[in-house]
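Work through the exercises below with the sequence and the coordinates open. Each task is followed by a stepwise solution.

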Amino acid sequence: MAKKLIIANWKMNPQTGKEVERILVGYNKQLKTKNLKLKTDVVICPPFVFLNSVGNLLKAKSYKLKASLGAQDVFWEDKGAYTGEISPAMLKDLKCGYVIIGHSERRKYFGETDEMINKKILAALKAKLNVILCVGENYRENHNEIPNVVEEQIASALANVPKSAINKITVAYEPVWAIGTGIPDTPEGAMMAAVLIRKTAVGIFGPSAKNLRVVYGGSVNAENAGNFINHEGIDGVLVGGASLDPQEFAKIIGSAI
Ligand code: PGA
């Protein structure tokens, strides 16, 4: 069975390189003092401008947290006149292994559509990046029912993705109402979404998608992380705010059984 996955999404934080160092040194220190043995895969997703320095630190021999580097977004073209954009080739050059695509904040503030997300996924896969596709509903009227929009987001995001690429994809189920609100979904709710997401993927790709990796994101913290990470059918967590606090993040890592 694949290892569980813990993703740190720093979003537009921190503000300086010095702070980046403080966080990373903090992770290291926490892992050392708690004598934590890493039982999961870990991916750190800093802002683009810090990818290089974070990548270098993660590679250092003395650095205990053996994490992969991830970006928070990517454009679908490899090069050209696209002011402000970052291409899959550039991420590869920085030794990025992962990229988050379709985060709800990008959908909301930057008008990312399902079609754009699909183009980004196809381009990232072509460049052999691992994709973390974010999906999730804005509201859930009936708590025991995952809204159809989740299936629709999966179907359009994964259109034309070759079957052989399914193991390069992780879906992060992130209900928008749970992000940054301090009100996480229940593990049962996240599990229900994971089942629906895998079912949708099997409908598209066939039985090979039944083990599609699905993680949960939205107000994950040191107290609740273990309930998600160790839950059957949930393959890990995507952590926003709490990943900026080394003590909190080390506890999250440590909560994996
Ligand atoms: P949060 O963010 O953990 O701060 O709620 C999660 C996310 O948006 O990725």
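**Exercise 1.** Determine whether Asp 73 is buried or exposed, and find its salt-bridge partner.

Solution. 
1. Asp 73 has a relative accessible area of 6%, so it is buried; buried means under 20% relative accessible area, exposed over 50%, and partly exposed in between (1.4 Å probe, protein chains only).
2. The partner of Asp 73 is Arg 106, with the closest N and O atoms 3.1 Å apart. A salt bridge is a side-chain nitrogen of Lys or Arg within 4 Å of a carboxyl oxygen of Asp or Glu.
3. Helices (H or I, at least four residues) and strands (E, at least two) are DSSP runs, numbered from the N terminus.
4. Arg 106 has a relative accessible area of 22% and is partly exposed.

The model is predicted: local features need pLDDT of at least 70, side-chain atom pairs count only at pLDDT 80 or more, and totals for chains, interfaces and linings use all residues. Residues are numbered from 1 along each chain as its sequence is written, and side-chain values use heavy atoms, with hydrogens and water left out.

**Exercise 2.** Which residues are linked with Asp 73 in a network of salt bridges?

Solution. 
1. Lys 120 and Glu 112 form a salt bridge, their closest N and O atoms being 2.5 Å apart.
2. Both Lys 120 and Glu 112 are buried.
3. The network links Asp 73, Arg 106, Glu 112 and Lys 120.

**Exercise 3.** Locate Glu 105 and Lys 11, which meet in a salt bridge.

Solution. 
1. Their side chains come to 2.8 Å, N to O.
2. Glu 105 belongs to helix α4 (residues 104-109) and Lys 11 to the loop between β1 (5-9) and α1 (17-33), 94 residues apart.
3. Glu 105 is partly exposed at 24% relative accessibility, and Lys 11 is partly exposed at 21%.

**Exercise 4.** Describe the surroundings of Ile 197.

Solution. 
1. Ile 197 lies in helix α7 (residues 187-205) and is buried at 0% relative accessibility.
2. Leaving aside neighbours within four places in sequence, its contacts (heavy atoms within 4.5 Å) include Val 135, Val 150, Ile 154 and Val 171.
3. The C-alpha atoms of Ile 197 and Val 171 are separated by 8.1 Å.
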